[in-house]
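The stops below tell you what to select and what to look for.

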Amino acid sequence: MQAKGLVKFFGIALVLVCLYQLSFTFFANRVEGQAQSYAEDKVAAVSDPVEQAKQLSEQKRRYLDSVSTEQVVNLGVTSFTYKELKERQLNLGLDLQGGMSVVLQVSLQELIQSMSNESQDPTFLAALKRANELQRNSQEDYVTLFGQAFEAEQADGRLAAIFATPEYGDRINFQSSNEDVLKVIKEEADGAVSRTFEILRARIDKFGVAQPNINLQPSTGRIVVELPGVDDPERVRKLLQATAKLEFWEMYENSNEFSRMLTDADKAVKESLDIESGTTDTAPTPDEADVAEVDSTATDAADSENDEVNLLGDGGEEGDTTQTDLAKSNPLFSVLQPSPNAGPVVGYVNGADTATLNKYLKIPDVKTAFPPNLKLLLDAKAIADEENPNVFPVYAIKSRFNDFKAPMEGDVITDARQDIDYNQQVVVSMTMNSEGASMWKKLTRENIQKPVAIVLDDKVYSAPIVQAEIGGGQSQITGQFDVTEAQDLANILKAGKLPAPARIVEEAVVGPTLGKKSVSAGLWSLIAGVILVLLFMVFYYNTGGVVANIALLLNLFLVVGVLAAFGAALTLPGMAGIVLTIGMAVDANVIIFERIREELAKGSGFKKAIADGYSKSYSAIIDANVTTLITAVILFYFGLGPVLGFATVLIIGIFSSLFTAVLITRLLIDWWLGKGKSLSYATGLTKNAFKNLNIDFVNRRKVFYMISGAILLVGLLSIFTRGWQQGVDFKGGYNYVIQFPQNVSTSEIRNATKGEAILGAEPMVRTYGSGDQVKLTTSYLIDSTDPKAGDMVTGKLYEGLKEIAGNPSYEDFIAKNILSSQKVGPTIADDIKRGAFWATIFALLGIFLYILARFRRWQFGLAAVLTIAHDTLFLLSIFSLFEGILPFSLEIDQNFIAALLTVIGYSINDTVVVFDRIREYLNLYPKKDEKLVINEAINSTLSRTIITSLTTLLVVFILFIFGGEVIRGFAFALLIGIIVGTYSSICVATPLVVDLSEQAAKRQKAKTPPSKGGKKGKRQKQKV
């Protein structure tokens, strides 16, 4: 072996680097173990299990917080704090430790509207609406789509007429072309996305989560955030989606004059409804309330049972009748109760009625009843009233001019912090810069004995009466905060205002209980699979198997170490990637060992057999791994979330397997033989296995064609009639894994959650693992852009299932019963489908081009692609045929696509090994009958094909049985794919090469005139 010294150097260096990287995980776990012991001692006297668990978590957190910045590891030359250890330890994916993952989309529509100074130009608004529709089925960026939509709406329209505002006057004038305007919008959009990313990163850094991960996808304008260990999803949603648009407004006060405005508005509403024959739609969709005068997002989904609260009556027996009569005679007052007192509050509205109120306020005649500089806003929190817990105060802010620009905005804030005021109330204290201090002084001086509203994201947090002029640039926000809310608000204000709103388009929440189950199931199934493979290799290859096992264990160590070094996360699909890595490592060793056995059988000396075995194996090993690498790289490029984790491990595993299985094993063998010790590649039971095989695969190819054709025909019929069960990844929707205190039936859950009062259309419900767990999928409100839509869905779910769940509180239902949740918006679902399609196409194209380049015959490349198509259709057919029959999910989702591309890689791996041997035999025996040569080549690789498939199947089967419900569908796809891939590489791919070559030879013969003696024909026949 050449370059032994270089291999030793790299081997030792890699081991040392991996040891160093994994040491952070070891020391971090040791500190956490100490924290656990400390917490257990502190709560030992607590008898209530629920309270004990709560205090245990709190005490552990306190201990870790106390040592966060202390040196807990001292290595002499350097030392590390616990915080530094956590930042460098091996990341676990959310599916292994619990937490929350979200994908945010920066709302460029709202940015463009803001740039236009909220233009109401009909063509402009129609273009925005059309751009939103185009975005669903296009890969173009939103600004480009807006430009196309505007031109489609009005071919000769000029964007400069809309965007030549004072703010952009130095870049856009009335003579600017549409292209110039779109260029400015694109620059602003790109800047907005980048600034949003930086602001969100600043907010997350202050959130206090260990190992947060935030990434920007520049091509889509999306921001991916992963927060391990988070157990309060609602807090995260507020933190990430808050625009932080802080404003200070002057206000209208409740007075006789304002009462007259309301009375005139009420009359205008009644007249408008009378024109509509006295009917009105009192249940606008969430989308109708999105651009409203009153923010309807304040409605708490969990309190939806308070829809019938009587705001005006005393709640007696005549309450409902009075409310109904009032809705007819005074429709505005039926939803907006005027305040009886003087002051900043002008009325009250039930959270459930805000959408109806918005609809009324949009009526043109109603708008004219109010001054053009008036706007109604809700309080950030409902009033503290047990009888009416969902009622919000309404305020009327006013601008000095009709442009509705606040006298002061949050850009003057230099610092914000959680504080306690003189009434012992939690507040947020703010410090302003000199400009802000001057503006605040002027604003308070001009409004003495009048209220001033402090507004954040169009919600009024406080409206204090100014008692005197306030200097010094200090102010406070009050609002019935708890300490955590005040800290989050202060952090949001310090990080700054988002240049454009960011909406959650995809979300996944994994509870810590499900995460622990996944760790346990995945880890033990992986360990069991590895042990089985190690035992099999020793059983089949004797001491040669021991060498392979050492390399395999080193391989696994390097994969985990490199993951830690790169800061990549180990996910449950990543564990499946490790399984496939084991299969590839074993495959490389099997190819080499079988070659060595062949050379020994020919009578070669031991050292020469080893040298020849390795050299003759390189071609097949490299080809097989490169084709798998092509699919892994494509999967990495197009993947997201769990798929990305799988692809990362697979790529690392491919290079690690090549290094350990080819170079390290050779180094170990040379070292072993150099010590004068013997080495064997077989046992008494396996010495003659697979010898003298002579199965006629080629002449039986029509039988194989018929078998495959019959199965695929049935599968295609099922695909076109039954289709597939698409996961939310592909169709959009909400997914929940819910646990109950007792076994439940799917029909019971389905009946409890269907109907207009709950989740609308009937949700899809199936048992998820044990009988007390179900997986529920619904598309309810998935098209809504309301930031509270997810909470509304959860609230409706609670309303339907609380009795079955044992009547827990809403908070307990979310914390204990919902083990995981997922949201995928329709736009990102379309993107995932497109990504899956192009990933498959590029994988096929890449493999075809590689095989064409390596084998220099298009027949090999086409046969490989047709074989892949065969395997793909076979797998899709199985998932269509057995959906709803097998007791686990067979959804077509991102994990399925990962499995499909893995199967493609595995199948082509098998196929290339066979093709490589065929190419070798055709060159060795050019005068032999081609079909005979091909049969010999297939039979000579049969031992490698079966052993590799068997070892990989062992691990995947263990993963399928014990790996947990989360990964069962994925493992099933791999299980079927390996079996089908093994069959097709022998019984489909090779026969296709034979038939394609024969047809090509016939066409060539028909085109070429026969030469003298027919020699040309003979040469053509021998060339395959």
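Select Tyr 618 first. Helix α20 has a kink of about 40° centred on this residue. The bend at a residue is the angle between axes fitted to the seven residues ending there and the seven starting there. Helices (H or I, at least four residues) and strands (E, at least two) are DSSP runs, numbered from the N terminus.

Now show the whole of α20, residues 606-638. Its end C-alpha atoms are 47 Å apart, which agrees with the 48 Å that 33 residues should span at 1.5 Å a residue. That expected span is 1.5 Å times one less than the number of residues.

A word on the model before moving on. This is a predicted model, in which local features need pLDDT of at least 70 and side-chain atom pairs count only at pLDDT 80 or more, while totals for chains, interfaces and linings use all residues. Residues are numbered from 1 along each chain as its sequence is written, and side-chain values use heavy atoms, with hydrogens and water left out.

**Strand β14**

Select residues 426-432, which make up strand β14. Are its residues buried or exposed? Seven of the seven are buried. Buried means under 20% relative accessible area, exposed over 50%, and partly exposed in between (1.4 Å probe, protein chains only). Show the side chains. Val 426, Val 428, Met 430 and Met 432 point one way. Val 427, Ser 429 and Thr 431 point the other way.

Two strands pair if DSSP finds at least two bridges between them. Gln 418 has Val 428 as its bridge partner in β14. Five residues lie between the two strands of this hairpin. In the turn, Gln 424 has a positive phi of about 65°.

Find Met 430: it stands opposite Ser 475 in β17.

**Strand β20**

Move to residues 733-739, strand β20. Six of its seven residues are buried. Show β23, residues 818-824, joined to β20 by six bridges and running antiparallel. Then show β22, residues 773-778, which also pairs with β20 in the antiparallel sense over six bridges.

**The cores**

Select Ile 582, Phe 896 and Phe 915. These touch the most other members of the largest nonpolar core, which has 141 residues. A nonpolar core is a set of buried Ala, Val, Leu, Ile, Met, Phe, Trp, Tyr and Cys residues joined through side-chain atoms within 4.5 Å. Zoom in on Ile 582. Leaving aside neighbours within four places in sequence, its contacts (heavy atoms within 4.5 Å) include Leu 526, Leu 556 and Val 955. A second, separate core of 52 residues includes Met 100, Leu 128, Ala 192 and Val 225.

**Last stops**

Pick Ser 718 in helix α22, residues 701-721. Ser 718 is buried, at a relative accessible area of 5%. Not counting residues up to four places away in sequence, Ser 718 touches Gly 723, Ser 880 and Leu 881.

Finish at Gln 337 in strand β8, residues 336-338. Gln 337 is partly exposed, at 21% relative accessibility. Its C-alpha atom is separated from that of Asn 350 by 9.2 Å.
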